[in-house]
Amino acid sequence: METWLTYEPADFLLFSERVYWRLFALENAARWPLPVLAPLALLAALLWHLRRPAWGLRALAGVVALVLLSVGWHFVWQRYTPVNWAAAYAAPLYAVQAGLIAWSALTAPRAGRPGSWRAVTGRGLIAAALIYPLLAPVAVRDIAGAEVFGVAPDPTLAAALGVALLVPGAWRGWILLGIPAVLLIASGLTRALLAGAAALPPLLLVAAAVAANALAPRHS
Amino acid sequence: MDLTRRAAIAGGLAFSALPSAGRADDSTLRRVPSTGAMMPAVGLGSWITFNVGTDPVLLDSCAEVIAAFVEEGGGMIDSSPMYGSSQNTIGYGLDKLNRPGDVFATDKVWTDSVANGPDQIAESRAEWGVDSFDLLQVHNLVSWRGHLETLFAMKDDGRLAHVGITTSHGRRHALTERIMREHPIDFVQLTYNLADRAAEARLLPFAREKGIAVIANRPYRRGALPRRLRGAPLPGLAAEIGARSWPQLLLKFILSHPARPIAIPATTRVGHVRENKSAARGPLPDAAMRREIIAHFENL
């Protein structure tokens, strides 16, 4: 233990920025046409939720749970773990979160109040997951390496945060927020070490979700 | 002569083709005091630079770096299980070169569990694609007592040529010195560069006194030193010793220490490999010049 305490966070960052961003380009190419189909499925579920909140929520939960399994296996375990051994500990959490979302959506008696700030923030986070790829051109990175819902972790976790806020009951929200919040904070810290400003999007997503759930009335 | 496997490993067969006369005085070469094995003074690190996962483009790019390193004389390539996919990248590069002989395969054991050490070493061998390592080190002194026992047992059995320990960032020098005093290690790896000279106080002179070979890691502070010095004037003596750039001067400074360290800069660029290798050629600064380089650096 004494030895471990001599390490600094930067000592565990064992890959370069170039390697990190190329992971997304390689995964987008390997999973094609998922980078198009997964966001379309999420958009369709979101639109359904706007018309039929209860069934739409189940559709959203189903889509997000499925892609969490896929991202945890394909991206985190197969692609990210070879350059970051700590990711091996994160990969199983994607499966746990998929199970939690599926359980929560199926057992929730109804959707949350559609007009509440909590639900609005939830839908906002799902919309953020859909437009997340635009961060690549904003940051002057190649669009081929954009982070896309269903392929890359952070937009997928953003959608998971959104679903957590759409499920009624703040306590269910906290259960569902835990894992994606921790994983997004880890992503933010990694990016802070790699590229500074790139840390902001995942950390802002977590802040928005936590604030919305904390400020929500008990039964929203 | 019928060489046994053990004698072959201990003698550093990879570099047996080097001319024997006067080679210990050659500034481009280093001799391991405990075994007499010879190798080039500039090796190749793999921290961060070779951790490219399964990216086929970057794997090929790293293989080109290894090819250039071998073409320039080869020598120590250093890695660790801690360095992500770096070991696999080295194995990939060596495969592409049809397993060149002039590589001094250097790795580490890095696990809290002493019992897991042999399995980790076996995995490292598989990643590299080698039967045995020329040097294995206890990484950052993690569970050092137990791992040293394992490594010395391997050396006694002829399954390992050299044993070492590593530290970095100036950490735990007192314990490092104690291990150097109490255990018959062949190598000590530590951080030494123009900006990090804590090892000059005790470890470097003690290594020289004990006949322990020194490996200098972080020669460029992970690239921060050349970046910081970009555009800064070189000292006037740089031309006298054939240093055309700050990276070359930084390496010449390390290599000129009387403990005769082996420097292991890591890079992703073929041009940098060649520049690093060329730093060992030609004259190195003497004691007065070293003082002048330090003064110049500290006044920048």
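Is Arg281(B) buried, partly exposed or exposed, and what is its relative accessible area? Arg281(B) is partly exposed, at a relative accessible area of 39%, where buried denotes under 20% relative accessible area, exposed over 50%, and partly exposed the range in between (1.4 Å probe, protein chains only).

The structure is a predicted model, in which local features need pLDDT of at least 70 and side-chain atom pairs count only at pLDDT 80 or more, while totals for chains, interfaces and linings use all residues. Residues are numbered from 1 along each chain as its sequence is written, chains are lettered from A in the order in which they are written, and side-chain values use heavy atoms, with hydrogens and water left out.

Over all chains, the structure holds 21 salt bridges, each defined as a side-chain nitrogen of Lys or Arg within 4 Å of a carboxyl oxygen of Asp or Glu. One of them joins Arg281(B) to Glu72(B), with the closest N and O atoms 2.6 Å apart. This pair links distant parts of the chain, since Glu72(B) lies in the loop between helix 2 and strand 3 (75-78) of chain B and Arg281(B) in the loop between helix 10 and helix 11 (287-299), 209 residues apart; helices (H or I, at least four residues) and strands (E, at least two) are DSSP runs, numbered from the N terminus. Glu72(B) is partly exposed, at 22% relative accessibility.

A salt bridge also connects Arg274(B) with Glu71(B) (3.4 Å, N to O). Arg274(B) belongs to helix 10 (residues 270-279) and Glu71(B) to helix 2 (residues 56-71) of chain B, so that the pair ties together parts 203 residues apart in sequence.
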